[in-house]
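Subject: Structure handover and notes

Hello,

Here is the structure we talked about passing on. Please keep it open while you read the notes below it.

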Amino acid sequence: MLESIYESDKLDFIDMKIKETKIKIPSYEITSESAYLNRRKLIQSVGLLSLGVGISERSFGQDQSVQTLQSIKNEKYSTSEIPNSYSDITTYNNFYEFGMQKSDPYINSGMFEPKPWSVEVSGEANITGTFDIEDLIDFNKLEERIYRLRCVEAWSMVIPWVGIPLSAILKKFEPLSSAKYVSFDTVYRPDQMPGQKRRILRWPYTEGLTIQEAMHPLTLMAVGIYGKELLNQNGAPMRLVIPWKYGFKSIKSINKIRFQERQPKTSWNISAPQEYGFYANVNPAVDHPRWSQARERRIGTGFFGAKQPTTLFNGYADEVADLYRGLNLRKYY
Amino acid sequence: MMLVPYFLLTLKSFGYLSGLGANPVETIIHETGLWGLRFLMLTLLLTPIAYYSKIPSINKLGKPVGLMAFFYLLNHFLTYAMIDQAGDLGVIIVDIIETPYLIVGWGGFLCLLGVASVSFKRLENWFNQNRSTISGLVYTATVLGVWHFYWQAKVVEIESLIYSIMVTILIVWRFKISTSRSS
C-alpha cells in the first residue's frame, strides 16, 4: 500500500502532468494516520503540493472513483492532534439520507452521483441563479485544514479537510445588507438516498448560519478529506464544516444556498426544538436534555481509551467567542 | 443457541467478521442491550405462546430465556460502567442522574437483578411461591427497557416502535387473562 502510493507520487513527479492510475485497495489497507503522515512528509519533501496529480481510487466494496486534490496546508487553523484513520472517517458517519446506523452511509451511498453538480443560489444578494460547482469553488486555492469534529452524540474525530473558506464563495454573490442569515439544503434524491424514503426528518435537510458565522474564516466549504475528493458518505461533492458547532450543523451534499433576512428553520430544530437549537455551539456546560455534553469519546482511541473533557466552542473559543459576546449561550443553545 | 450473538460479538471484538467498527465500545453496548431486550421480549411472549398452543411446558423456558436476557443486560451494564465510564463510580452516578434514559434503564436492570438473584437453587421455593411478583418485575423491566431504548435514540427507530406496541399488547393480554381467570 505504502509502496504503491510512493510509486504513483514519484511517477507523477517525474511526468509532471495529470495521470490516472487505478489502485484497488482492500478496506484493511486504507491509509492509516501514520502512513498518511509519512506520505505527507514525502509529498512535502518533494514539493509536490502545487502539482496536478490525479489518482483515482476505488474505495471499499463500492465503486467510488475519487480524484486527489491539490491543497496548501493552513497551519494557522490546523490542530496538531493526530487525525483519525481514513477508514474511521469514511465508515462511521451520521448521514440520515443514507440510513440511521453509523455504517449505513458507507454501505448505502454507492449509487449516489455527485458529478456533475450545480448549486442554486437565491435570496438577498446581487447575483443569484444556478451555478456549477466549479463556479463556486476555485480548485486552485484549496486549503487543507485539520479540524476537530464534535458530534452532538458526544463522540469526536480529527479530520484533515480540504476546502475553501465559505466566505470566499459567498462574497462572489455580493450579499445585500438585508442578508442576515444564510441557509443551505442537502440535495433531495430519494432514488439515490434511500434514507429519504422515510420521513424521519424534514427533507430536504436544511441548515443555517448567521451571516457573521458564515463569513467567519474558520467556516469551511469542504470538497475533500485526506487529499482526496469527498466520498459520498462524507457529503460529496461539497459540504460545510463549522468546527465549533455540533456536527449536524455541517450540512452535506449542498445544492441550495439562500441569503435570508430571517432565521431559517433547520431540520433538527424542527424535529426536536428543545434538544437542537439554531446555534448548536459545542458547550460542555449546556447539556443535551437527554445526555451530558461534558465529555466526549474520541473515535480511534480503542476499546480502553478514556473519554476526554469537551471544551467550549470545541476548542475554538479564541477564534469565535467574539461572535457570541453578550449572547446567553444557555438560552440560545 | 441463545449465545450465538454473544459469540459473534466476541469474535468481532478480536477483529474477525470486519470487527466492531470505529467505536467498539458503542457497538458492544448497543448489541448487548439490543439482544438483552429481544430475549426479554421473548420471555414475555412465551406465556401467550404456551396458552394458545396449549403446550404448557413452553412456560418452563421462561427461566432460561429470562436468565439469558439478564446475562446480555449484565454485559450491557458492565460495558457501560467499567469501560465507557472507566469504572468511576462518582462519574457513573452523576451520569445516570443527569441522563433520564439511564435512570429508566438502571431501574429496569435493578428489577432483573432482583429476579435473577432469586433464581438460585436455594431460593427455588421462594421463586415458586412468588411467581406473580417475579413476572411483575419482568414486565416492569421490559417496559423500562423499551422506554430506555426508545429514549436514547435521536429519532424514532422502527425496532423500538415495534417493541413498544408489542409490550403494550402483551400487558393488556396478560391483564385480560388474569381477570378472566379470577372471575
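Predicted model: local features only at pLDDT ≥ 70, side-chain atom pairs only at ≥ 80, totals over all residues.

Residues are numbered from 1 along each chain as its sequence is written, and chains are lettered from A and ligands numbered from 1 in the order in which they are written.

Chain A overall

Chain A has nine helices and 16 strands. Helices (H or I, at least four residues) and strands (E, at least two) are DSSP runs, numbered from the N terminus. Of its 333 residues, 44% count as buried. Buried here means 20 or more other C-beta atoms within 10 Å of the residue's own, exposed means 12 or fewer, and partly exposed is in between, with C-beta atoms placed from the backbone. For contacts in chain A between residues at least 6 apart in sequence, 70% join residues at least 24 apart. A contact is a pair of residues whose C-beta atoms, placed from the backbone, lie within 7 Å.

The sheet

Five strands of chain A form an open sheet in the order 6-5-14-9-10, with mixed pairing. Strand 6 and strand 10 (206-210) are at the edges with a single partner strand each, so one side of each has no neighbour in the sheet. From one strand to the next the twist averages 20°, an angle taken between N-to-C directions on a scale from 0 to 180 degrees, with axes as lines fitted to C-alpha atoms, for helices over the stretch in contact.

Two strands pair if DSSP finds at least two bridges between them. Strand 5 (residues 118-123) pairs with strand 6 (residues 129-132) in the antiparallel sense over four bridges, and the two form a hairpin with five residues between them. Bridge partners across this pair include S118(A) with D132(A), V119(A) with F131(A), and E120(A) with T130(A). Strand 5 also pairs with strand 14 (residues 254-260), in the parallel sense over four bridges; there, G123(A) has F259(A) as a bridge partner.

D132(A)

Leaving out residues up to four places away in sequence, D132(A) touches P116(A) and S118(A). F313(A) is 181 residues from D132(A) in sequence and 33 Å away in space, C-alpha to C-alpha.

Between the chains

In chain A, 20 residues are in contact with 15 residues of chain B. The chain A side has ten nonpolar, five polar and five charged residues. Ala, Val, Leu, Ile, Met, Phe, Trp, Tyr, Cys and Pro count as nonpolar, Asp, Glu, Lys and Arg as charged, and the others, Gly among them, as polar.

Helix pair in chain B

Helix 2 (residues 24-53) and helix 3 (residues 62-84) of chain B pack at about 160°, with axes 8 Å apart. They are therefore roughly antiparallel (angles under 35 degrees count as roughly parallel, over 145 as roughly antiparallel, 65 to 115 as roughly perpendicular and the rest as oblique). By class, their contact has 15 nonpolar, nine polar and one charged residues.

Regards

Definitions and conventions:
Contact = placed C-beta atoms within 7 Å.
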